[in-house]
Amino acid sequence: MYRPLMVPLVIALSWMLAACASAPRVPYTASEANAARVLNLDDLRRYADEPASAFVQTKLPAGPRNYLALSGGGADGAYGAGLLNGWTAAGTRPSFTLVSGVSTGALIAPFAFLGPQYDPTLRQFYTSGIAETLLESPNPLNAIFGSGLFGNKRLRELVADYINEDFVAAVAAEYAKGRMLFVVTTNLDSQRAVIWNLGRIAAVGTPQSLNLFRDVVAASASLPAVFPPMLISAEAGGARFQEMHVDGGVTAPVLTLPEAYLLRNASGKSLDLQLYILINNKIEPEFQVVADKTLDIAARSSSTLLKTQTRSILYSTYDFARRNKYGFNLSYIEADRPISPAGFNTAYMRDLFQYGYDKALSGRAWAKAPPADGPTTAPMAEATAERRVAGAN
């Protein structure tokens, strides 16, 4: 007899709980956002759309430089983890002077930056089943009343498990040698891509900088509405507030530059640079008859938009590399691979890890140019095969 009252009662209680759990944010202005400092420092980050003069010039180590750019891709990050492991096994993996990561690439980037000794960590993260725990116990009420479907902050906790004080100190030591580690987040308040200098953050060497390092990595991988955003404390003109940061892939599928930084480091001379762009996703168009259903249409549209954005970045980066005589090396998941299931399916990720591992071990991982734009055809496949190189030296 009380059943008709249950639904409105549950809704009312949910509203009350949500109100208790989510305190109102402190408002701040656009001018304060533009002047915001984090940890009371100006040089921890830059917005991607700032002019070249905004990027502080840091002298890179002498000699050849290698830049590894890791894209987003969710569970498909298993491809990048496998490729790095296979590249090490092949004996051709270089040390990277610069590493950048977006979304799942941000989870990989710090470990790739520190080198092959962290290959087992990447293997464990993407193949042991740990990643699958990120999507345990979804709560629809969190999606409606909270800030993410999976509102238990498991992602941030997992990042903290792997990134401890010793790890961040090792990043700081490499930063002192001139090596650079960048991670991208999206500032939802400002609607801008933020490039964080994780090496500089690590060099601060305080408990607050350790927490910021972890927050930035987690924020870059926090898919909106799935995981809660990271609220990062900042201040401007004496006002204190929190910025809302989410998945870097919202604004930048992959950070292959910043171009301004590379050009400033060239100092008018030709920079001996090899770009390695590792796309944890498919980028070639795939034909598929799409079901006339809302979710299928939305998913297909999102996939199409992501591929278009990624290819656009790759073409412009390829042109930039050719003009400046930089090496261009690209790796991505081929179109004939199985479609990724929803979530972090462990069996799928293990298979994809092995696929990336085998490609790198056999020397088939890297292409010297992006694939031709347009439908996948036999001639295009042959042209793509011709661009494959043994090991991407």
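How many bridges pair strand 8 with strand 9? I looked this up in the predicted model and got six, with the two strands parallel.

**Strand 8 and its partners**

I started from the pairing with strand 9 (residues 327-333), where Y276 has N329 as its bridge partner. Then I followed the chain out of strand 8: it goes through helix 12 (residues 294-323) to reach strand 9, and this β-α-β crossover is right-handed. I also checked strand 2 (residues 65-70), which runs parallel to strand 8 and is joined to it by six bridges. There I found N66 opposite Q274. Next I asked how covered strand 8 (residues 273-282) is: ten of its ten residues are buried, so the rest of the structure largely encloses it.

**Cores**

I looked up the largest nonpolar core and found 70 residues, with L68, W196, L198 and F213 having the most contacts inside it. Helix 4 (residues 104-114) gives the largest share of this core, eight residues. Another core lies apart from it; I noted 26 residues there, including Y67, A69, L255 and I279.

**Helix 3**

Last, I went to helix 3 (residues 77-90), whose 14 residues reach 20 Å from first C-alpha to last, close to the 20 Å expected. I found helix 3 mostly covered, with eleven of the 14 residues buried. Y79, L83, N85 and W87 are among the buried ones.

Terms used: Residues are numbered from 1 along each chain as its sequence is written. This is a predicted model: local features need pLDDT of at least 70, side-chain atom pairs count only at pLDDT 80 or more; totals for chains, interfaces and linings use all residues. Side-chain values use heavy atoms; hydrogens and water are left out. A nonpolar core is a set of buried Ala, Val, Leu, Ile, Met, Phe, Trp, Tyr and Cys residues joined through side-chain atoms within 4.5 Å. Buried means under 20% relative accessible area, exposed over 50%, partly exposed in between (1.4 Å probe, protein chains only). Helices (H or I, at least four residues) and strands (E, at least two) are DSSP runs, numbered from the N terminus. The expected span of a helix is 1.5 Å times one less than its number of residues. Two strands pair if DSSP finds at least two bridges between them. A crossover is right-handed if, with the strands pointing away from the viewer, the path from the first strand over the helix to the second runs clockwise.
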